[in-house]
Structures are given as C-alpha cells and as structure tokens.
Amino acid sequence: MRTHITILIVSLLFVGNLWAQEINWVSLEEAVELQKKNPKKIILDAYTKWCGPCKMLDRNTFSNKDVAAYINEHYYAVKFNAEGNEEITFKDNTFTNPNYDPAKANRRNSPHQLSRYFSIRSYPTLVFLDENANLLAPIIGYKTPQQLELYLKLFKDNKHTDMNTQEKFNAYYKAFKPEFSN
C-alpha cells in the first residue's frame, strides 16, 4: 500500500512538471541576434542577487504558465544581473561593471554600466525594448502575473503608442480585463 501511494505521488509530481512551462531566457546579445531573423520585442528582467522582490518575481510571476507561454511566444526574454560583472555588448558598445567587488557578489554591489544606460535605479525593473532593441519603457517593481499581463499586452500590441497622457493610460488600465491565472 505504501509503495502504491509513493508511486502515485511521484507520478503526480511528474505530470505537474509536464504542465509547467518555463521562460526561454537568453542573453541580450542573443536576443538582438534573434530579432534579426524573427522580429519580436525584448523583455529584460533587471535583478540583483540580494533583491527579495526579484526572487518573488521569479517564483510567483515568471513561473506562471500563462506568463511563460505569452513571453515565449511574443518576446525574447533576458535576465540581467544589474550589479553583476558580465561583459555585455549592446548597440556597438561594451558594458561592464568596473567597480564590481567579488567579495560582495551576493550583497549590494556597484551598478553595471548597462544599468546606467537604461537608467535602472531600483530592482526589479522590467525593461521593454522594441523589435529594433530601442527602449520602450522601464517598468519598476514586483508585478503579479495579471499586473505584468497588462504591460506585456500593452507593448506587444503597440498600444503604448496611443498613450501620450496619464488619462489615456488610466483608461486603458481601467478597461483592461486580465486573462492570466493568478
């Protein structure tokens, strides 16, 4: 009897993992190259290792099957450690973190030059880029799946181009009907 229960539990966990979907994360350089073959917008997750809301975004939002499926279909997804020491080439510039301190790898560190380029000042920040890797907007802070859905669809459908006032965004926000599971 115990063996049957164990097999059942293991089977359920396995089936659950089959339904789970993960985001296909790529580097910024890879995303820009992929855009040349198949134009899509880019969503860049600027995080740090010490940031609690960044970890919540991974655990609660990016692991959501609706979010993952939508991002994988309509965006190139990039993870970027905004205080890391990775060398990144973007728009014919090489960005590094010359003041990076390896002793502070899991604590607050100096900001990466790419963070400054995108004017990232808090974490997490989701940076949206168009099909030519031009900045659309940085979205600051933790977002639930349904909160992120609003921005994913706003930029994917280019509805942001019609929003030149706060009132227009407020109307879009009020009329928006989320479809993603929470």
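**A buried helix and its salt bridges**

Lys153 is buried, at 13% relative accessible area (buried is under 20%, exposed over 50%, partly exposed in between, with a 1.4 Å probe and protein chains only). The model is a predicted one, where local features need pLDDT of at least 70 and side-chain atom pairs count only at pLDDT 80 or more, while totals for chains, interfaces and linings use all residues. Residues are numbered from 1 along each chain as its sequence is written, and side-chain values use heavy atoms, with hydrogens and water left out.

Lys153 pairs up with Glu149 in a salt bridge, the closest N and O atoms being 2.6 Å apart (a salt bridge puts a side-chain nitrogen of Lys or Arg within 4 Å of a carboxyl oxygen of Asp or Glu). Glu149 is buried too, at 0%. Both residues sit in helix H6, four residues apart, or about one turn (helices are DSSP runs of H or I with at least four residues, strands runs of E with at least two, numbered from the N terminus). An α-helix has 3.6 residues a turn, so residues three or four places apart point the same way. Nine of the twelve residues of H6 are buried, so the helix is largely enclosed by the rest of the structure.

Across the whole structure, eight salt bridges turn up. One joins Lys79 to Asp45, with the closest N and O atoms 2.5 Å apart; Lys79 lies in strand S3 and Asp45 in strand S2, 34 residues apart. Asp45 is buried at 1%, whereas Lys79 is partly exposed at 25%. Asp58 joins Asp45 and Lys79 in a salt-bridge network.
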